[in-house]
Amino acid sequence: MDRVDVNDLIEKIDIVKYISQYVNLEKRNDEYVGISPFSGHDTDPSFTITPSTKLWCDFSAKLGGNVLNFIEKYHKVSFKEAVQIACEYLGGDVKTLPPSLEATKYIRKFRPVEKATKQPKYKKLPDDIMSKYDYDLDKLAVWLNEGISKEVLDKYQVRYDPVSNRLVFPVWDEYGNIINIKGRTLDPDYKSKKIAKYQNYYEIGIVDYVYNLNFAKEEIRRLGYVIVFEAEKSVMLAETYGIKNSVAIMTSNLNDYQFELFVKLGANIVFALDKDVDITKDKNIRKLKNYVKVRYIKDTDGLLGEKDSPIDKGKEVFIQLYKKRRVLR
């Protein structure tokens, strides 16, 4: 009896057609997306199939692979049994696999490496934790003078910490829980004194969140896209200008967990990172274009300083830059 060619088996099965028997799929650009069949708590589509590579990925359950791996996980069977099911699906039958050593090689080749589940190190902080800091308009004037309105500073609970001479504000997860406090030094000589400009007051742990998603999620879903800034202050400026669908990744690079978050969110993205950041070289941002439309702002007219965010020079300049946003190719 002929042995099974696993490569040929994977090639012959239409992965989208097979998985659609068990997962309701929706076409999105060149991908198909659906609710995770494995996690048990997925509410937004985090399960994706890329037909061109014949691979699936479940960001919620941290699983992925080819159609045989899906059969293994979904039907809770061994790799050999998955091959049997696949053959029967194609109308055939299989009694033998390659010799044990060869079978092991196939399994290692096609079985995905599952990520270990990492628990965030941060914890939920008290809802009233900002009450221990000062509401000092003289100190808040630094950001008021940069264009952030008092109403927005109040919304984002910006306060003053006299102990460290910093403006401080809470960081929320997407559900509205305060998980950290971040401070911005007001010392004008912070560089020469080697003082960090921004400082997290609590251990960060895994950064699997973005700033402001708790407030912006509804507007993002209504508009169908999200504007991504680098810093929290940029979000506050945008809010002052009436832009309510923005978030901040709090650094210049998109990490793996934030990548998964944006895929799950399913909204198109406009990156508006600081001028000195080249997003076209960010591997996770480049991967995002396989799941959603990705555009970005690039200042080619000298409107910004070298370290400026696209929002720093005011609403009119931002609108001008936004109109010239580019498609990431």
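Predicted model: local features only at pLDDT ≥ 70, side-chain atom pairs only at ≥ 80, totals over all residues.

Me: Fine. With that cut-off, what share of the 329 residues is buried?

Reply: Buried residues make up 46% of the 329.

Me: And how many helices and strands are there?

Reply: The protein has 12 helices and 14 strands. Looking at contacts with a separation of 6 or more, 59% come from residues 24 or more positions apart.

Me: Let's do charges. How many salt bridges does the structure hold?

Reply: There are 13 salt bridges. One of them joins the side chains of Lys62 and Glu260, at 2.5 Å from N to O. That pair links distant parts of the chain, 198 residues apart: Lys62 is in the loop between β4 (55–58) and β5 (63–65), while Glu260 belongs to helix α10 (residues 256–265).

Me: Which residue does Glu174 meet in a salt bridge?

Reply: Lys217, with 2.8 Å from N to O between the side chains. Glu174 is in the loop between β7 (166–172) and β8 (178–185), and Lys217 is in helix α8 (residues 213–223), 43 residues apart. As for cover, Glu174 is partly exposed at 26% relative accessibility, and Lys217 is buried at 16%.

Me: What about Lys182, which residue does its side chain meet?

Reply: Glu232, in a salt bridge of 3.0 Å, N to O. Lys182 sits in strand β8 and Glu232 in helix α9 (residues 232–240), so this pair ties together parts that are 50 residues apart in sequence. Here Lys182 and Glu232 are both buried.

Me: Since α9 came up, how many of its nine residues are buried?

Reply: Eight of the nine, so α9 is mostly covered. Just after the helix, Gly242 takes a positive phi of about 90 degrees.

Me: What does α9 pack on?

Reply: A sheet. Five strands form an open sheet in the order β11-β10-β12-β13-β14, with mixed pairing. The edge strands are β11 (246–248) and β14 (326–327), each pairing on one side only. Helix α9 packs on this sheet and touches β10 and β11, and its direction makes about 165 degrees with that of β11.

Me: How many bridges join β12 to β13?

Reply: Three, and β12 and strand β13 (residues 294–296) run parallel. Across that pairing, the bridge partner of Phe271 is Tyr296 in β13.

Me: Which helix makes a β-α-β unit with those two?

Reply: Helix α11 (residues 283–288), and the β-α-β unit of β12, α11 and β13 is right-handed.

Me: Switching topic: how many disulfides are there, taking sulfur atoms within 2.5 Å as the rule?

Reply: The count comes to zero. Among the cysteines, Cys57 is partly exposed, with a relative accessible area of 23%, and Cys87 is buried at 10%.

Me: One more residue. Where is Tyr160, and is it buried or exposed?

Reply: Tyr160 is in strand β6 (residues 159–161). Its relative accessible area is 7%, so Tyr160 is buried.

Me: Which residues does Tyr160 touch, leaving out those up to four places away in sequence?

Reply: Among them are Tyr133, Asp134, Asp136 and Lys139, and also Asn165, Arg166, Leu167, Val168 and Leu186.

Key
Residues numbered from 1 in each chain as written. Heavy atoms only, no water. Salt bridge = Lys/Arg side-chain N within 4 Å of Asp/Glu carboxyl O. Helix = DSSP H or I, 4+ residues; strand = E, 2+ residues; numbered from the N terminus. Buried < 20%, exposed > 50% of the residue type's maximum accessible area, 1.4 Å probe, protein only. Pairing = 2+ DSSP bridges. Right-handed = clockwise from strand over helix to strand, strands pointing away. Contact = heavy atoms within 4.5 Å. Axes fitted to C-alpha atoms, helices over the stretch in contact; angles between N-to-C directions. Disulfide = S-S within 2.5 Å.
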